[in-house]
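Biologist: I am new to this structure and would like to learn how to read its features one at a time. Please give me the general idea in each case, and then the example.

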Amino acid sequence: MREQALVSSGQEYLSVEELNQLKKLSNFKASLHVLRCWGVIIAVLLFVTWQPHPLTIFVSLFLLGGSQLSLGGLLHDCSHRAMFSAPRLNDFVGHWLGGIPVLVPLSFYRRYHFMHHTKTGETSDPDVNNIKSYPVSKASMRRKLMRDFTGQSGLKAFIGVLFYVNTGRAGNAASMGVNKSTMNKQAIWRNSIKNFTHIAIFHLTALSILYALNSVWLYGLWWAAYFFTHPFILRVRQIGEHGAMPALSHSDVRKTTRTTLANWWEKLLFAPNNINFHCEHHLFPTVPAYNLKKLHNLLIRRGFYDDHTEAVEPSYYRVLKKASGLNVLSS
């Protein structure tokens with residue numbers, strides 16, 4: 001049992017010194033991570049302002065959808081306090097620069113995500129409904145993508161985060177899982193006032209800046225991406241992490257969790273800031289995102305994946321094919 005636990009935890013593949021080095025937090029690298037997230041957003045908005053054309057607007061919707069995923073990744077990393085060396089700085093950046101722009105407060109996400117790690121693939125995992133049906137038929141995948149690109153998935157997520165995530169009320173929080181909170185009415189009111197105040201502060205500030213720059217329409221572009229492209233990008237990310245794996249729940253992370261080796265454009269859309277190294281993240285959740293590629297390379301060299309090739313895929317296209325058999329390039 002001891003040997004099996006070591007293998008599934010990955011500890012026999014790394015020395016204590018190597019693992020401690022990988023877990024070392026760097027404020028400089030974390031700051032670059034944040035600047036990269038927001039730098040892409042600003043660059044996209046500047047470019048589409050400079051060249052406002054239907055084609056550039058179309059491309060910007062996907063790039064902004066990917067950027068919204070990157071902010072979710074920032075929220076995720078800071079919720080683990082695996083970005084900056086100061087816990088309070090993780091909390092501040094994760095909440096104000098990661099979660100609140102996409103309407104998800106850190107206080108909710110940290111509890112939700114802790115359950116995902118401790119109960120991966122079990123019925124109590126809040127993420128399980130997002131991935132348990134895969135693989136699906138080609139027809140089912142087409143219906144899912146149609147709901148994503150027509151805004152149905154985005155509207156459902158929007159309602160979920162407004163009425164269940166930010167209030168703390170029990171109910172279907174869509175891609176954030178089912179919130180089973182049992183808050184009393186006073187706690188729900190306190191939660192709602194705090195979170196909606198923070199959302200209003202951030203978004204009114206952003207809107208004011210764009211108004212001063214005579215570019216209010218860019219704010220609408222942000223929400224167009226939220227409703228029409230981000231749901232698809234989020235779906236691909238979710239499938240890439242846990243969809244169509246040999247098991248939903250297992251003691252060996254290689255049977256439930258996948259790493260996807262993204263190319264440059266896939267990194268922009270589906271895998272910003274190393275979130276594609278998801279098997280490594282579940283193996284060692286306190287290793288910061290900026291060290292996950294180094295961890296992956298070490299594990300590859302040490303043979304961690306030799307008998308578990310299903311835990312590493314070479315592209316998100318391959319992941320989608322495995323999840324449905326749908327040839328997305330010719331359909």
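Biologist: In which helix do tryptophan 223 and tyrosine 226 lie, and how many residues apart are they?

Modeller: Before I answer, please keep in mind that this is a predicted model, in which local features need pLDDT of at least 70 and side-chain atom pairs count only at pLDDT 80 or more, while totals for chains, interfaces and linings use all residues. Residues are numbered from 1 along each chain as its sequence is written, and side-chain values use heavy atoms, with hydrogens and water left out. Helices (H or I, at least four residues) and strands (E, at least two) are DSSP runs numbered from the N terminus. Tryptophan 223 and tyrosine 226 both belong to helix H11, where three residues, about one turn of the helix, separate them.

Biologist: Are these two residues buried or exposed?

Modeller: Buried means under 20% relative accessible area, exposed over 50%, and partly exposed in between (1.4 Å probe, protein chains only). Tryptophan 223 has 14% relative accessibility, so it counts as buried, and tyrosine 226, at 5%, counts as buried too.

Biologist: How many aromatic pairs does a search of the whole structure find, and what is the geometry of the pair of phenylalanine 62 and phenylalanine 149?

Modeller: A pair of aromatic rings is described by the distance of the centres and the angle of the planes. Rings of Phe, Tyr and Trp (its six-membered ring) pair if their centres lie within 6.5 Å, and planes under 30 degrees apart count as stacked, over 60 as edge-to-face and the rest as tilted. The search gives 18 aromatic pairs. For phenylalanine 62 and phenylalanine 149 the centres are 6.2 Å apart and the planes stand at 55 degrees, so this pair is tilted. The pair joins distant parts of the chain, with phenylalanine 62 in helix H4 and phenylalanine 149 in helix H8 (residues 138-149), 87 residues apart.

Biologist: Which residues touch the most other members of the largest nonpolar core?

Modeller: A nonpolar core is a set of buried Ala, Val, Leu, Ile, Met, Phe, Trp, Tyr and Cys residues joined through side-chain atoms within 4.5 Å. The largest such core has 41 residues, and Leu64, Met83 and Met176 touch the most other members. Among the helices that each supply at least two residues of this core are H3, helix H4 (54-79) and helix H10 (185-212). There is also a second, separate core of 21 residues, and Leu145, Ile239, Ala262 and Leu269 are included in it.

Biologist: Which residues is histidine 278 in contact with, leaving aside its neighbours within four places in sequence?

Modeller: Contact means heavy atoms within 4.5 Å. Histidine 278, found in helix H14, is in contact with His116, Glu241, His242, Thr257, Arg258 and Thr259 once neighbours within four places in sequence are left aside. At 5% relative accessibility, histidine 278 counts as buried.

Biologist: How many salt bridges does the count come to, and which parts of the chain does the pair of arginine 302 and glutamate 18 link?

Modeller: A salt bridge is a side-chain nitrogen of Lys or Arg within 4 Å of a carboxyl oxygen of Asp or Glu. The count comes to eight salt bridges. In one of them the side chains of arginine 302 and glutamate 18 meet at 2.7 Å, N to O, linking the loop between helix H15 (292-301) and strand S4 (312-313), where arginine 302 lies, with helix H2 (residues 16-22), which holds glutamate 18, 284 residues apart. Arginine 235 and aspartate 148 also meet in a salt bridge, again with 2.7 Å from N to O. Because arginine 235 lies in helix H12 and aspartate 148 in helix H8, the pair ties together parts that are 87 residues apart in sequence. Aspartate 148 counts as buried at 0% relative accessibility, as does arginine 235 at 15%.

Biologist: Which peptide bond is cis?

Modeller: The bond from tyrosine 134 to proline 135 is cis, with omega near 5 degrees, and proline 135 is found in the loop between helix H7 (128-131) and H8.
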